[in-house]
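Please read it alongside the sequence and the coordinates.

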Amino acid sequence: MPFFEAIRLALQQIWVQKLKSFFTLLGVMIGVTFLIAVVSIVGGMSAYMTDQVVGKIMAVNSFELRHRPNIQLGDHSEERRRELNRRPRIRETDVAPVAVALPEGVKYAVVGQDNLTAQSRYVARPKNLLIFTVSEDYFDIKKMAPARGRLFSPQEFERGMEVIVIGQDVADFFFPSLDPVGRELTIRGIPYLVVGVMEKQGSAFGISFDKFVIAPHKSPLNRFVNVHGVIDAIMIQTPSREGMLAAMESVRQVMRARHHLRPNQKDDFELETSDSALEFWNKIKGYLVIAGVALPAIGLVVGAIVIMNIMLVAVAERTREIGIRKSLGAKRRDIMSQFLVESATLSTIGAALGVATGFAFAKVIAFVTPLPAAVELWSVLVGISIGAGVGILAGVYPASRASRLDPITALRAE
Amino acid sequence: MSTQTVEAPLGMTAERQAVVEGAGTAPGKDWVIVTRGIKREYDMGGEIVRALRGVDLAIMRNEYVAIMGPSGSGKSTLMNVIGCLDTPNAGEYWLNGTQVSKMSDDQLARVRNKEIGFVFQTFNLLPRATALHNVELPLVYAGVPSVERKRRAKEALERVQLGERMDHRPNELSGGQRQRVAIARALVNNPSILLADEPTGNLDSNTSEEIMRVFESLADQGQTVIMVTHEPDIAAHARRVVVLRDGLVASDDRRSSFVEKLGIATPQL
């Protein structure tokens with residue numbers, strides 16, 4: 001029997017018993033729903049971690065020289081923690097040797113960061129803010145632009161003047177319904193002139209990226225942020241990804257020499273890239289994907305058993321039909337393929353419905369949570385082919401029983 | 001009544017005897033069915049039932065034969081063997097010049113598809129398929145492409161005067177119409193023999209007559225028809241009557257002598 005004919009017949013059979021067919025394919029449908037939903041959510045979280053979390057903190061093709069990692073996902077062992085605490089800080093005096101070692105065209109910025117309390121005359125309550133002191137290339141590297149006002153001028157950088165740019169949340173908090181540009185914010189007793197409000201940076205896991213104050217590196221704030229000539233990071237950005245690895249190696253050599261490390265000693269500083277920040281996430285993602293495959297697998301096994309049972313019932317119910325077909329010249333192969341195609345079609349429909357509900361599920365999650373759920377094409381294809389495969393596997397035994405029926409006995413059935 | 005089959009010699013004539021005795025050799029091309037000493041035994045829970053105990057039968061092309069016998073005489077078993085639904089334990093069965101008694105299941109399926117058209121007592125139509133689709137089925141298994149299949153199925157339905165009702169399902173048709181659909185299905189692949197098993201068993205006498213007229217006209221057109229029945233007045237429509245008793249051929253007569261013997265009225269055809 002031609003394949004197309006068999007499919008048509010299968011669909012007809014499924015349509016005749018809509019409700020029964022639906023319950024039959026429910027197991028496969030649920031399995032595939034979970035597969036699609038989990039893969040979409042993991043995919044969405046992955047995109048979220050890469051673009052929203054790490055991407056907001058780290059700039060493109062950039063790495064940061066720090067004494068220990070900045071982005072900390074997950075726990076460390078006691079040993080690791082002690083090792084991190086023993087590390088020497090990166091100092092102001094490291095900047096020049098590192099800068100000299102960098103190839104042509106590479107940008108760098110000195111970054112200091114700390115939490116300090118700020119106050120404005122418009123709001124009674126003081127507030128703790130994340131304060132950065134940065135050198136000139138910082139805004140360029142981070143691709144940050146002001147929404148209102150301006151960035152610092154070279155003179156302001158050079159002379160370390162009392163000017164700041166602030167994040168959107170800071171503006172909303174300290175200058176309610178006022179234009180912050182041209183007004184002052186007092187930090188540790190010194191008033192700073194707000195020259196710009198930066199574009200909104202967004203948030204991750206409900207933590208806003210807009211609660212910051214940025215001042216020039218040499219401004220008076222530096223004394224509070226970078227105590228005793230210590231700096232938090234040197235941010236380095238290369239024009240290309242390949243250049244980044246070379247630049248990282250140069251910086252590593254300079255820092256090892258400056259820290260007098262012997263060849264058998266490990267680095268006592270961190271060269272943090274977005275990849276290294278994502279390392280922990282990738283580990284979690286691995287477990288999630290395993291769970292995301294294992295749970296649907298249970299659904300699919302149950303689905304397969306249900307389909308096998310229903311197909312066995314179908315063979316018993318349709319014994320006479322099998323007898324008629326055999327008397328008219330159907331070979332074993334014809335009967336076998338008829339039932340195989342039927343169970344494969346049934347379960348493929350289940351898988352397709354599962355893809356649809358999984359997709360809907362992912363959309364609901366994307367709507368309710370900040371996670372963007374991304375339905376990936378490969379999971380749709382895998383879901384549907386698994387569905388077809390389950391149907392064929394579950395159909396083999398019932399179909400071969402049907403094909404081996406004796407035509408005389410089958411014709412006498414009922 | 002124009003065919004010469006009516007005039008052909010019947011019973012175990014010398015000619016038939018010769019055909020039946022030529023064990024291992026293919027009969028001439030005029031012989032559609034030749035069985036030589038066919039035996040069929042069943043094991044019914046330790047007890048051996050000998051349904052056929054050596055049936056010799058030779059049927060020529062264009063014959064219209066009724067196989068009769070009381071229940072338990074082996075006529076159903078013989079019909080299954082002739083219809084290639086069953087294989088004998090011993091003996092030879094030649095269908096259309098090929099020995100089919102030693103064929104595999106799939107080879108038998110092919111023979112059923114090409115050589116045999118079944119008409120059953122209970123019609124055996126697929127209940128959810130239209131008349132047209134039911135008639136198409138043998139062509140599906142013969143691998144005929146869809147367009148030609150439809151055309152030939154329509155032709156076959158028109159031959160049994162059902163051209164108007166081909167989109168109806170079996171439950172929308174009367175018993176006689178269902179049996180005519182079954183006949184159309186049996187004929188659609190131009191089989192060597194039309195094999196009917198109690199074709200009027202589920203029909204009232206008027207409808208039975210109607211079906212018998214269809215068989216008669218098919219036989220007139222040259223179709224070989226073999227009909228298994230236990231009703232003498234149905235068997236009386238055939239031109240040759242083979243009677244089985246206890247798994248053996250008890251008599252093999254021309255219709256006229258059969259009718260005379262039983263003293264039943266000659267059917268009005």
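The sections below describe a predicted model, beginning with the interface and ending with a loop residue.

## Interface between chain A and chain B

Chain A places 24 residues in contact with 23 residues of chain B. Between the two chains an area of about 2200 Å² is buried, and carbon and sulfur atoms give 56% of that area. On the chain A side, Leu328(A), Lys331(A) and Ile408(A) together supply 28% of the area that chain A buries against chain B, more than any other three residues.

The side of chain A that touches chain B draws at least two residues from each of H1, helix H11 (319-327), H12 and helix H14 (407-411) of chain A. H11(A) gives the most to this side, with 6 residues. By class, the side of chain A that touches chain B has 9 nonpolar, 5 polar and 10 charged residues.

## Largest cavity

How many cavities of 30 Å³ or more does the structure hold? There are 2, and the largest cavity contains about 110 Å³ of space. Its lining consists of Gln13(A), Ile14(A), Gln17(A), Lys20(A), Ser21(A), Thr24(A), Ile310(A), Met311(A), Ala314(A), Arg318(A), Glu342(A) and Leu346(A). Two or more lining residues come from each of helix H1 (3-16), helix H2 (18-57), helix H10 (274-317) and helix H12 (332-368) of chain A. The lining of the largest cavity divides into 5 nonpolar, 4 polar and 3 charged residues.

## Second largest cavity

The second largest cavity has a volume of about 70 Å³. Residues of both chains line this cavity: Ser327(A) and Leu328(A) from chain A, with Arg112(B), Asn113(B), Ile116(B), Gly117(B), Phe118(B), Pro138(B), Arg185(B), Ala186(B), Asn189(B) and Pro191(B) from chain B. The elements that give two or more residues to the lining are helix H3 (105-115), strand S6 (116-119) and helix H6 (175-187) of chain B. S6(B) gives the most, with 3 residues.

The lining of the second largest cavity comprises 6 nonpolar, 4 polar and 2 charged residues. Leu328(A) is one of the lining residues here, and Leu328(A) is also among the three residues that supply 28% of the area chain A buries against chain B.

## Second largest pocket

About 490 Å³ of space lies in the second largest pocket. A total of 23 residues line this pocket, and those closest to its centre are Glu321(A), Leu125(B), Leu126(B), Pro127(B) and Arg128(B). H1 and H11 of chain A are the elements that give two or more residues to the pocket lining. By class, the lining of the second largest pocket has 9 nonpolar, 6 polar and 8 charged residues.

## Asp246 of chain B

Where is Asp246(B) found? Asp246(B) is in the loop between strand S9 (240-245) and strand S10 (248-254) of chain B. Leaving aside residues up to four places away in sequence, Asp246(B) touches Arg53(B) and Ser73(B). Asp246(B) and Ser104(B) are separated by 142 residues in sequence and by 28 Å in space, C-alpha to C-alpha.

Key: Residues numbered from 1 in each chain as written. Chains lettered and ligands numbered in written order. Predicted model: local features only at pLDDT ≥ 70, side-chain atom pairs only at ≥ 80, totals over all residues. Heavy atoms only, no water. 1 Å grid on protein atoms, 1.4 Å probe; cavity = no way out; pocket = protein on both sides within 12 Å on 5 of 7 lines; lining within 4 Å. Points joined across faces, edges and corners; volume = space filled by probe spheres on them. Helix = DSSP H or I, 4+ residues; strand = E, 2+ residues; numbered from the N terminus. Nonpolar A, V, L, I, M, F, W, Y, C, P; charged D, E, K, R; others polar. Contact = heavy atoms within 4.5 Å. Buried area = accessible area lost by both parts, 1.4 Å probe.
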